[in-house]
Amino acid sequence: MPCRRRQGQFKHCFKALQKPRHWGKGSVMTRPTIVFDLDGTLADTAPDLYQTVCWLLAMENRPRVTFERMKGLIGDGAGPMIRGSFGDTGGVPEGDGFERLLRMFLAYYAQHLADHSEPFPEALAAILRFRARGAKIAICTNKRYEFAAEQLRIWRIGHLFDAVKGADSFPFRKPDGRHLSETIKAAGGDPGRALMIGDSSADVGAARDAGVPCIAVTFGYGSTPAHELGADLVIEGFGQLDAAARRLGVI
Ligand SMILES: O=C(O)COP(=O)(O)O
Ligand SMILES: [Mg+2]
């Protein structure tokens with residue numbers, strides 16, 4: 001029966017995944033952990049972040065900032081997006097103005113997490129390739145855990161990740177290397193056999209701090225061009241990821 005045949009095929013696949021893998025030449029090694037940044041690396045989330053900032057500016061009778069400017073402000077949580085966009089349009093209000101704007105930002109964004117945002121299909125294809133080879137996959141993001149988890153739920157891809165850690169998951173966050181190393185450990189991996197893929201200075205900073213090799217993507221956000229971030233390698237698309245990971249000795 002076709003159904004039973006299919007079950008049989010899956011059983012074979014699962015057995016293959018459970019076997020110790022030979023990573024590298026000749027020796028049995030720890031399964032590698034591939035860690036993705038979320039905003040601008042794994043997913044195109046700028047449209048909803050931009051919509052949130054434009055709404056906030058409009059609520060405060062401020063003009064819009066451009067989408068390009070907004071993309072440059074993404075990478076270190078809501079703070080720089082608010083300070084940058086209000087700084088450009090008359091300044092952050094005095095007193096408790098920033099805290100008030102932050103509360104408004106978070107409340108609005110919570111309702112618009114995936115109106116227009118979606119994962120890059122090529123990133124998902126790469127994750128499936130790495131998973132099929134037995135790698136662990138994780139997300140280390142400077143956005144709040146609950147927002148990241150809800151986006152993964154909406155996109156129905158949460159099952160692809162062994163760990164997801166946000167800006168509030170630990171008392172430290174990227175560029176602090178502990179955010180990355182603790183994410184790797186939570187995935188059941190070893191920081192000594194891992195790879196970080198990101199788009200911002202926070203990602204490269206965390207990787208350097210944790211002693212983890214790092215690949216920067218050119219299609220992400222932030223104000224620094226990928227080639228100037230100081231990553232070990234730069235890729236222009238996920239089609240180049242496997243070769244880059246191999247060059248770095250991770251797979
Ligand atoms: O939301 C942000 O500013 C950054 O998020 P990221 O760490 O996933 O890029
Ligand atoms: Mg990012």
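**Before selecting**

This is a predicted model, in which local features need pLDDT of at least 70 and side-chain atom pairs count only at pLDDT 80 or more, whereas totals for chains, interfaces and linings use all residues. Residues are numbered from 1 along each chain as its sequence is written, and chains are lettered from A and ligands numbered from 1 in the order in which they are written.

**Stop 1: the whole protein**

Helices (H or I, at least four residues) and strands (E, at least two) are DSSP runs, numbered from the N terminus. Of the 251 residues, 41% are buried; a residue is buried if 20 or more other C-beta atoms lie within 10 Å of its own, exposed if 12 or fewer, and partly exposed in between, with C-beta atoms placed from the backbone. Among the contacts with a separation of 6 or more, 63% join residues 24 or more positions apart. Two residues are in contact if their C-beta atoms, placed from the backbone, lie within 7 Å.

**Stop 2**

Select the open sheet of 6 strands, whose order is 5-4-1-6-7-8 with parallel pairing. Its edges are strand 5 (163-165) and strand 8 (233-235), each of which pairs on one side only. Two strands pair if DSSP finds at least two bridges between them. On average, neighbouring strands of this sheet are turned by 20° against each other, direction ignored.

Next select strand 1 (33-36). Parallel to strand 1 runs strand 4, joined to it by 4 bridges, and T33 stands opposite K136 of strand 4. Strand 6 is also parallel to strand 1 and joined to it by 4 bridges, with M196 in strand 6 as the bridge partner of V35. Which way do the side chains of strand 1 point? T33 and V35 point one way, I34 and F36 the other way, and all are buried.

Continue to strand 6 (residues 194-198) and strand 7 (residues 214-217), which pair in the parallel sense over 3 bridges. Here G198 is opposite A216 of strand 7. Helix 9 (residues 201-210) lies across strand 6 and strand 7 and runs at about 165° to strand 6. Axes are lines fitted to C-alpha atoms, for helices over the stretch in contact, and angles run from 0 to 180 degrees between N-to-C directions.

**Stop 3**

Select D37, which UniProt lists for "active site" in an unreviewed entry. UniProt positions are given in the numbering used here, feature names are shortened, and annotations may be inferred rather than shown by experiment.

- D37 is in the loop between strand 1 and strand 2 (43-44). It is buried, with 30 other C-beta atoms within 10 Å. Setting aside residues up to four places away in sequence, D37 touches L42, C140, T141, I197, G198, D199 and D203.
- D39 lies in the loop between strand 1 and strand 2. D39 counts as buried because it has 27 C-beta neighbours inside 10 Å. Its contacts beyond four places in sequence are T45, I74, T141, K143 and Y221.
- D199 is found in the loop between strand 6 and helix 9. D199 is buried, with 27 other C-beta atoms within 10 Å. Among the residues that D199 touches are D37, G40, A216 and Y221.

**Stop 4: a pair of helices**

Select helix 2 (residues 46-59) and helix 5 (residues 97-110), whose axes come within 10 Å and cross at roughly 135°. The contact is made by D48, T52, W55, L56 and M59 of helix 2 and L101, M104, F105, Y108 and Y109 of helix 5.

**Stop 5: helix 8**

Finally, select helix 8 (residues 177-186), where the buried residues are H179, L180, S181, T183 and I184. What covers them includes strand 1, strand 4, strand 5, strand 6 and helix 9. Just after helix 8, G188 takes a positive phi of about 85°.
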